[in-house]
Amino acid sequence: MERVDTDWFGFIDDDVSLRPEWWSTVTGMIGPDVGAVEGLWSYLAGDRRVHDYTKAMTRLAELSGRESWTDRIDRAFTGDTLVRTKAVQGIRMPNIPVWEDEYIRMWVQKNGYRWLRTPKVVCDHLRRYNLRLAYETGKYGYYLGRLSLKGQLRRVAQLPIKVLFSLAYTRNLRTGSFAIEKDLKIFKGVLHGYVQRNGGSPLYRLSQT
């Protein structure tokens with residue numbers, strides 16, 4: 001980011017395939033107060049279980065009258081994001097294995113800009129969801145203040161309903177095992193961070209620098 005000499009630049013991951021309407025969609029959302037436009041993605045081409053689970057949760061949100069699943073996505077994604085250079089001016093990235101995308105969004109918003117997400121899918125993620133990082137996702141998400149123990153307890157309590165609905169809606173058994181493994185690992189990571197914070201661990205203090 002320090003090498004950019006244009007007003008805007010794009011983060012495009014090498015495992016992302018942009019759909020033809022990507023450029024017109026993200027540039028069409030640019031405004032004077034917009035710091036970044038993130039393209040909504042699909043795992044259909046890379047991980048069918050994630051795609052089916054997302055589809056099921058979107059339908060469940062519609063039936064329950066709550067905001068859509070895509071509107072409630074917890075983390076930013078810079079795999080296909082257009083960023084205003086001024087919005088990330090002066091950023092210093094911490095040494096973290098996950099949540100770096102969200103850290104960039106936090107900086108953009110701290111500088112007074114909005115971070116937008118396209119309302120429709122404009123790119124395809126051509127890889128399997130990396131569940132091995134779910135534990136780290138929970139731990140560092142807690143460190144950054146983006147995840148809470150109370151919130152993750154609620155998610156775990158809702159797992160039976162979500163899993164049963166996704167199985168009934170998609171007929172894909174792998175959606176259930178994916179959801180269980182992901183949410184339990186994230187919960188364990190959040191619990192790790194919570195114990196470190198309340199135990200005065202130097203590791204927790206180090207993570208805040």
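This is a predicted model: local features need pLDDT of at least 70, side-chain atom pairs count only at pLDDT 80 or more; totals for chains, interfaces and linings use all residues.
Let me start at strand β2, which is joined by three bridges to strand β5, residues 114-125, the two running antiparallel; strands here are DSSP runs of E with at least two residues, helices are runs of H or I with at least four, both numbered from the N terminus, and two strands pair if DSSP finds at least two bridges between them. Within this pairing, L18 stands opposite C123 in β5.

Residues are numbered from 1 along each chain as its sequence is written, and side-chain values use heavy atoms, with hydrogens and water left out.

The sheet as a whole is open and has five strands in the order β1-β4-β3-β5-β2, with mixed pairing. Because β1 (8-12) and β2 (16-18) stand at the edges with a single partner strand each, one side of each is left without a neighbour in the sheet. From one strand to the next, the twist averages 35°.

Turning to the helices, α3, residues 100-110, lies across β1, β3 (34-42) and β5, and runs at about 150° to β5; angles run from 0 to 180 degrees between N-to-C directions, with axes fitted to C-alpha atoms, for helices over the stretch in contact, and contact means heavy atoms within 4.5 Å.

Finally, helix α2 (residues 48-64) packs on helix α5 (residues 149-170) at about 105°, with the axes 9 Å apart, and the two are therefore roughly perpendicular, a term covering 65 to 115 degrees.

Notes:
Angles under 35 degrees count as roughly parallel, over 145 as roughly antiparallel, 65 to 115 as roughly perpendicular and the rest as oblique.
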